[in-house]
Amino acid sequence: MSASPTGAVENLAARLRRFLGANLEGALEIRIDNLAPITAGNARQAWEFDVRWLERSEERKVRCVMLRKAEAGQLETDLVPEFRIISALWDSGVPVARALWMDSEGRWLERPAFIMEKVAGVTDLPALLKPESAGSSRAIAQQLAAIAARLHTVDWSKLGVDFLPATTPETAAARQISYWESLFLKHRMEPHPVMTAAFIWLKEHPPVAGRISIVHGDFRFGNFLYEGDRINAMLDWEMVHLGDPVEDLAWAYRSLWGPQAFFPLDEFVVRYTELSGIPVPYETLRFYRLLGEVKHSIISLTGARSFMDGRTRNLFLADRASTTTGYLMQFLDWLPE
Amino acid sequence: MSLRESVLPEIPAGPTRRQIQAAIGIIRRVSAVWDKTGPYLYADNKDIEETLRQVGVMIERAESNGCGADLEPLRQRLAAALDRGGQRDVEYPSPAALGARNVELQGLLVELQEALHGASSPEGTGRPASAERIEIVTTLRALLRRMLKREMEITAPPSARK
């Protein structure tokens, strides 16, 4: 027998009270108000709520967002690195939400989850890409270049990010190829000779990174909160890793979400390099743009596979494999002769 | 009235409405392509078979030039798979049979590419001369592009696009 929606919310609120009771030392009369799902993403469920409590007779209140692992989705990612990276970046100059509490094993909240302070703003990607938004979207794209510059020049060796696998300039590309190929081989539903061709080309042409940086992994329009023409926080850090920073630039300019129409890629690169001092070699950018098409294809295949295996009933994933055709056509179009 | 016009307006915004939208999208795409699947698979299989025959000839040529010996087992497997006939044996093969043959042919393409990649690695021996390899890779790349174009007609036909 499944719980009614109201029952599910009450159940979650009760779990949150118990979880926060264990994490808020000395807190009394913990209350959870306005608990509601936020509609976003396929891999995680997002909920917002207000938590109030008494601490030494003073009322404290925090507006929160909880990210909780969904049933199987597009990517099987671990929430722990995401929580840890936004914690590490809190005072770095990279805009992130404040990470608050983590239930890494789902002992309290049914599934692994973490809670961060709510940040004002929206993620509305369609609004950003409308022609009538060109002015403010150009300003936002310029900020995105600045955020990338800041992120990629953070001295990660001093941030305690040892939870991210180490890599070197010589192996950064190969590590990414290996990661995505293993996912592909695990989730493919047919032999897929086009993907085979793509991986062969990538393996034969890996660039050497100019430097190793923290790479967001899903750096793009649609993955930040903004108000007007100001970015308030970068979101969705679940693909974060150490690697070649050019990877983030390439991903940001995929045709699905890129701001090419009002801030062309070459202008973005110029601004990024001016602010960061990091050069962006053409061949490296091309490599990561090609890898980006393969990455998104695999993300789609993984989602489709999870639907086919019955691990999710999300109908958006039922037909997701059909999206790979366009990505792979783009890959072939960009391949040098 | 379509489902989009008659059902969606009755459902408030939220996860349920979005799932209904996804379902409508799937139904639309299926209705646009259900009768095209058989011809698509038939054309795809025919193209792959013809291309693999051409590649077999290229590999034979490389062998007669004194290189590509390590591709001989694969060339024989290709020849055997092509000689088995696939859809040529049946006048009106079913979509299921066409699909099974398509998966088999895809597997051969994967095997061929991996063998060529392995043969061109520094550890490979008897690798085809560079000109033959380039010709094979160019031929395969052209095939893959044609496969994707056909697939695009099935996965994103104009009638099913928003």
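Me: Is Asn34(A) buried or exposed?
Reply: Asn34(A) counts as exposed, because it has 10 C-beta neighbours inside 10 Å. For that label, 20 or more other C-beta atoms within 10 Å of a residue's own make it buried, 12 or fewer make it exposed, and anything in between is partly exposed, with C-beta atoms placed from the backbone. Keep in mind that this is a predicted model: local features need pLDDT of at least 70, side-chain atom pairs count only at pLDDT 80 or more, and totals for chains, interfaces and linings use all residues. Residues are numbered from 1 along each chain as its sequence is written, and chains are lettered from A and ligands numbered from 1 in the order in which they are written.

Me: And what is phi of Asn34(A) near?
Reply: Near 55°, which is a positive value in a residue other than glycine. Asn34(A) sits in strand 1 of chain A. Helices (H or I, at least four residues) and strands (E, at least two) are DSSP runs, numbered from the N terminus.

Me: What about Glu29(A), where is that found?
Reply: In strand 1 of chain A, residues 28-38. Phi of Glu29(A) is positive too, near 50°. Glu29(A) counts as exposed because it has 9 C-beta neighbours inside 10 Å.

Me: OK, hairpins. How many residues are between strand 7 and strand 8 of chain A?
Reply: There are 2, and Gly228(A) in that turn has a positive phi of about 60°. The strands, 224-227 and 230-234, run antiparallel with 4 bridges joining them. At least two DSSP bridges are needed for two strands to pair. Tyr226(A), for one, has Ile231(A) in strand 8 of chain A as its bridge partner.

Me: Switching to helix 2 of chain A: how many of its residues are buried?
Reply: 7 of the 10 in residues 79-88, so to speak a mostly covered helix. Among them are Leu79(A), Phe83(A) and Ile86(A), along with charged Glu82(A) and Arg84(A).

Me: What do they pack against?
Reply: Strand 3 (58-69), strand 4 (99-103) and strand 5 (113-117) of chain A. Ile86(A) touches Val96(A), Ala97(A), Ala99(A), Met116(A) and Trp237(A), leaving out residues up to four places away in sequence. Contact here takes C-beta atoms, placed from the backbone, within 7 Å of each other.

Me: Which residues touch the most other members of the largest nonpolar core?
Reply: Ile86(A) again, with Phe114(A), Ala148(A), Val194(A), Ala198(A), Leu249(A) and Val294(A), in a core of 106 residues. Helix 9 of chain A (residues 282-308) supplies the largest share, 10 residues. A core like this is a set of buried Ala, Val, Leu, Ile, Met, Phe, Trp, Tyr and Cys residues joined through C-beta atoms within 7 Å.

Me: How is chain A divided?
Reply: Into domain 1 (5-117) and domain 2 (125-334), with bounds from an automatic or database domain assignment. Their C-alpha centres lie 27 Å apart, and 20 residues of domain 1 are in contact with 26 of domain 2.

Me: Now chain B. How many helices and strands are there?
Reply: 6 helices and 0 strands. Of its 162 residues, 22% are buried.

How values were computed. Contact = placed C-beta atoms within 7 Å.
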